[in-house]
Amino acid sequence: MRKAHEYVRLDGQATSLVLALYGGQGADLVYLGARLPDGEDLGALCAAQQRSVHENQPDIVPMPGLLPERKAGWKGTPAVGLMERRAERIYEVQTDFELANWTSDKNYIRLTFMDAALNIHVQLAIEIRSGDVITFDGCIFNSGARDFELTRFAPLTLAIPPRFCELTHFSGRWAGEMRETRRALGVEGYASQSTAGKPGFAGGNWLLLHDPASGEAMGAHLAWSGDYETRIEADQHGSSDGRAQLQMGQNWDCGEVPLTSDPELGVNNSCKVCLALAPDRSTLAQKFHTLLRRDVLADRKAWPARKVHLNSWEALGFDLSEAKLKALADDAAALGAERFVLDDGWFGGRRNDRTSLGDWTVSSDLFPSGLTPLIDHVHALGMDFGLWVEPEMVSPDSDLYREHPDWCLHKESKDRPTMRGQLVLDLRREKVCDHLFAKLSSLLGEHAIAYLKWDHNRDVFPRSHAQTERLYALIDRLRSAHPEVEIESCASGGGRIDYGILARTHRVWPSDNNDPLERVRIIRAWSQFLPLEVLGNHVGPSPNPITGRRTCMDFRSKVALFGHMGIEADPRAMSAEERTVLAAHIALYKNWRDTQHSGDLWRLEHPDAGVGGMMVTHENKALALVTQTGFAAHFDAAPIRLAGLDAASQYCVTLPDPWPAKAANYLAGPERWREGLTLTGRALMTQGLALPLTHPETAWLIALEKVS
Ligand code: GLA
């Protein structure tokens, strides 16, 4: 039996992680779960997990541990992949790391592994941070004489505690982000990667594991805005101790990341894997939200209230003029909007999506006196002003491209395939970043712009992780020059959402799809990892331009209220009644945004698959959104049970106006729902509220105020 030199435990508030450290060999996970009592005997904990070898195992069972390698009979994917070029050929290099030393604290450990023959060492750091989220990151150094190339370096390899025998993975596409699939974690494992220079819509940079017996959930995310690789390999042959391995890291091409001989210059992952465990999915969401609010979102505490947006895209598209925009701004203000965002089409010759990206000067055709008259108009209406940009891109039909055809990413003497008629600028060139900084900075310096919608609408080819690092540097530089400007990350919707981009931006655009039947699912899925204040959520037009579906304003408005609310539709196309309904929901949002954007999010479950719910509790208040998207089999839907309340406290429960027209007919004693029913948290969480939830497009808001 392998004997550890030391056991180290890291403790958060409710989580413990125990490692066995085998000096001269490796380090292995012994325990990951609810916080252990102080006196736990860690040696006994380890012994209780060990078994003897079976008939078809190596005599000494390999220990992949925190830094798995292909040695001693282990068959999985190593955490570090090394290549060496010799005489124009590329060779794979086998590593042989040994645990050299470690330093640890109550919630932190740094381990150094050394390959003495290659003179390469790896540092892995594990830390339990805000919300009990555990971060894993790594750095690799080459102090030998040979130059190598890194093909992989996963900061997280986790031997999955076997009680987590189911997983939820995410998949998606443009306008259909974050579709959940829950299944058994079988011998086939799981694999997902992105290859287009951003996480994209495939969703594999987010993952959940479940213990179906207890409901306990574990979530993992790679905080990186470039390509990822996630894999789970089951140990079906007993090549170690039966635990499946979860690996997460960046996805690189061979030759992309040199590991040159230089003892000082390591290759850092420049990203972390964030991992959290909780008794249920709601608590897990709260843990990730705490990490974001405290450690990731820059200056989160100082953020002002999240203003209601009106974005011009769905209302006007490319059909822009100063007069039309001013009229749209008038309508926006009348509905209660607080920020007017001018989307695509305002610059250079950009009258459609095939041209002019890169020419970031205000179009004099559309704005003969510049943007200032429009901005002044918006300000006079009491709103601030936001602007769309897509800085990383260039259209072949642009002044920038004609002047600098080499500034785009391309392969010499090969075609330059466009996507949406555009190419990607090569941010690895200093000059390109300086140019973009100068252009954006002067736009922000010359105009009162409170907000940038930073878009990214194509795949990056050829991709490189340096492109993402340079993007981070560009945004950081711009933010320090213009700290008051808020930035949204959009990539055709949710194509680049991760904690790396959120460390330098203020919100994300979760999807181009504003159809509320889709949107409610998309927001619920993202909110597993992201708090509502960073999730842009807009009321779109009906019929919806993507799905073609017609939906009523009440449903669209209620769905959009849960998040950072906005309008992305033309108020002129709305009836007077629709405007009234929308304006009423905007007013409700303003009343409730402090609660929503500071509180704890709870996921409400219901036996009808068409019924979903989310609820936020904060101090003495709570707000729930309950939606029916299907047509129920039963007329009398089961009551919706609330969550996160103090069992012994009394709450006054109301259904805020406006109500969904059809469903409201089936409310018994409607006046009581206006005046309020007083119930205990116990009754509300155990028995719930019987609401009419039969018809599709029915949504209710439930407001709660603690009275004693
Ligand atoms: C992308 C964005 C949209 C809109 C258009 C403008 O598709 O996701 O919200 O800004 O670009 O071209």
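Contact here means heavy atoms within 4.5 Å. The model shown in these views is predicted.

View 1. The C-alpha atoms fill a box of roughly 80 × 70 × 40 Å along the principal axes. For 708 residues, a compact globule would have a radius of gyration near 27 Å, and the 27 Å of this protein agrees with that. Buried residues account for 60% of the 708 residues. The exposed surface comes to about 27100 Å², of which carbon and sulfur atoms supply 49%. Of the contacts with a separation of 6 or more, 70% join residues 24 or more positions apart.

**View 2. The largest nonpolar core and the surroundings of tyrosine 499.** This core has 172 residues, and Leu111, Tyr499 and Leu530 are those with the most contacts inside it. Helix H7, spanning residues 430–446, gives the most to this core, with 7 residues. Neighbours within four places in sequence aside, tyrosine 499 is in contact with Trp206, His221, Ala223, Cys274, Phe288, Leu291, Leu292, Val296, Phe529 and Leu530. In soluble globular proteins, nonpolar side chains tend to be buried together.

**View 3. A second, separate core of 29 residues.** Among the members of this second core are Ala637, Val653, Leu684 and Ile702.

**View 4. Valine 80 in strand E4.** Strand E4 covers residues 80–86, and valine 80 lies in it. Valine 80 counts as buried because its relative accessibility is 6%, below the limit of 20%. When residues up to four places away in sequence are not counted, valine 80 touches Leu67, Phe97, Val122, Ile140, Leu150, Arg152 and Phe153. Leucine 320 is 240 residues from valine 80 along the chain, and the C-alpha atoms of the two are separated by 52 Å.

**View 5. An open sheet of 3 strands.** The strands follow the order E1-E2-E3, with antiparallel pairing. Strand E1 (6–11) and strand E3 (27–34) are the edge strands, each pairing on one side only. From one strand to the next, the twist averages 15°. Strand E2, residues 15–21, pairs with E3 in the antiparallel sense over 7 bridges. Aspartate 28 in E3 is the bridge partner of alanine 20.

Conventions: Residues numbered from 1 in each chain as written. Heavy atoms only, no water. Helix = DSSP H or I, 4+ residues; strand = E, 2+ residues; numbered from the N terminus. Buried < 20%, exposed > 50% of the residue type's maximum accessible area, 1.4 Å probe, protein only. Pairing = 2+ DSSP bridges. Axes fitted to C-alpha atoms, helices over the stretch in contact; angles between N-to-C directions. Core = buried A, V, L, I, M, F, W, Y, C linked by side-chain atoms within 4.5 Å. Rg over C-alpha atoms; globule rule 2.2 N^0.38 Å. Areas by Shrake-Rupley, 256 points an atom, 1.4 Å probe, with all protein chains shown as cover.
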